[in-house]
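Here's a quick briefing to read with the model open beside you. Take a look at the fold, then go through the points below.

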Amino acid sequence: MPEINLLIFNELEKERETLECKELETKVGLLHEALSSIGAKSYQPKDPEATVPVPLKLIFNKDWNAVGALLENYS
């Protein structure tokens, strides 16, 4: 993980308990690209501009398969 990403993630980790119950609206095309770049299972979206709410808990837990599964409804 690049150093700046690690710094940001560490800062967010301090607020984990508060943030875990929130969601991040994300474009499915960008999410698919990000997941593909790390080798996680993902589904090619039909409309890359559509948005999907991603629970921050999945990101904190690095549950990339669960994040990728969110794209199944958009493929």
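A salt bridge here is a side-chain nitrogen of Lys or Arg within 4 Å of a carboxyl oxygen of Asp or Glu. By that rule, the side chains of Arg16 and Glu20 pair up, with N to O at 2.9 Å. Keep in mind that this is a predicted model: local features need pLDDT of at least 70, side-chain atom pairs count only at pLDDT 80 or more, and totals for chains, interfaces and linings use all residues. Residues are numbered from 1 along each chain as its sequence is written, and side-chain values use heavy atoms, with hydrogens and water left out.

**Overall fold**

- The protein chain has 5 helices and 2 strands, and from the N terminus on they run α-α-β-α-β-α-α. Helices (H or I, at least four residues) and strands (E, at least two) are DSSP runs, numbered from the N terminus.
- The radius of gyration is 13 Å, close to the 11 Å that the globule rule gives for 75 residues, so the protein chain is as compact as a globular protein of that length. That radius is taken over C-alpha atoms, and the rule is 2.2 Å times the number of residues to the power 0.38.
- Along its principal axes, the C-alpha trace spans about 35 × 25 × 20 Å.
- Buried residues account for 27% of the 75 residues in the chain. Buried means under 20% relative accessible area, exposed over 50%, and partly exposed in between (1.4 Å probe, protein chains only).
- Of the contacts (heavy atoms within 4.5 Å) between residues at least 6 apart in sequence, 65% join residues at least 24 apart.

**The core**

- The largest nonpolar core has 10 residues: Val28, Leu31, Leu35, Ala40, Ala50, Val52, Val54, Leu58, Val67 and Leu71. Helix H3 (28-37) and strand E2 (51-55) are the elements that give two or more residues to this core, and H3 has the largest share, with 3 residues.
- A nonpolar core is a set of buried Ala, Val, Leu, Ile, Met, Phe, Trp, Tyr and Cys residues joined through side-chain atoms within 4.5 Å.
- Leaving out residues up to four places away in sequence, Leu31 touches Thr26, Val52, Val54, Val67 and Leu71.

**Charged pairs**

- Side chains of opposite charge can pair when their charged atoms come close. The structure holds 4 salt bridges.
- Arg16 also forms a salt bridge with Glu13, their closest N and O atoms being 2.9 Å apart. Shared partners join Glu13, Arg16 and Glu20 into one network.
- Arg16 is partly exposed because its relative accessibility is 22%; Glu13, at 31%, is partly exposed, and so is Glu20, at 24%.
- Lys14 and Glu11 meet in a salt bridge too (2.9 Å, N to O). Both lie in helix H1 (residues 3-14), 3 residues apart, or about one turn of the helix.
- Lys14 counts as exposed at 61% relative accessibility, whereas Glu11 counts as partly exposed at 47%.

**The surface**

- Ile4, Leu7, Ile8 and Leu12 form a nonpolar surface patch with about 370 Å² of accessible area together. Patches are made of residues with over 30% relative accessible area and no salt bridge; like charges are joined within 9 Å, nonpolar side chains (Val, Leu, Ile, Met, Phe, Trp, Tyr) within 5 Å.
- Ile4 sits in helix H1 and is exposed, at 53% relative accessible area.
- The protein chain exposes about 5300 Å², with carbon and sulfur atoms supplying 54% of it. Accessible areas come from the Shrake-Rupley method with a 1.4 Å probe; for residues, only the protein chains shown count as cover.
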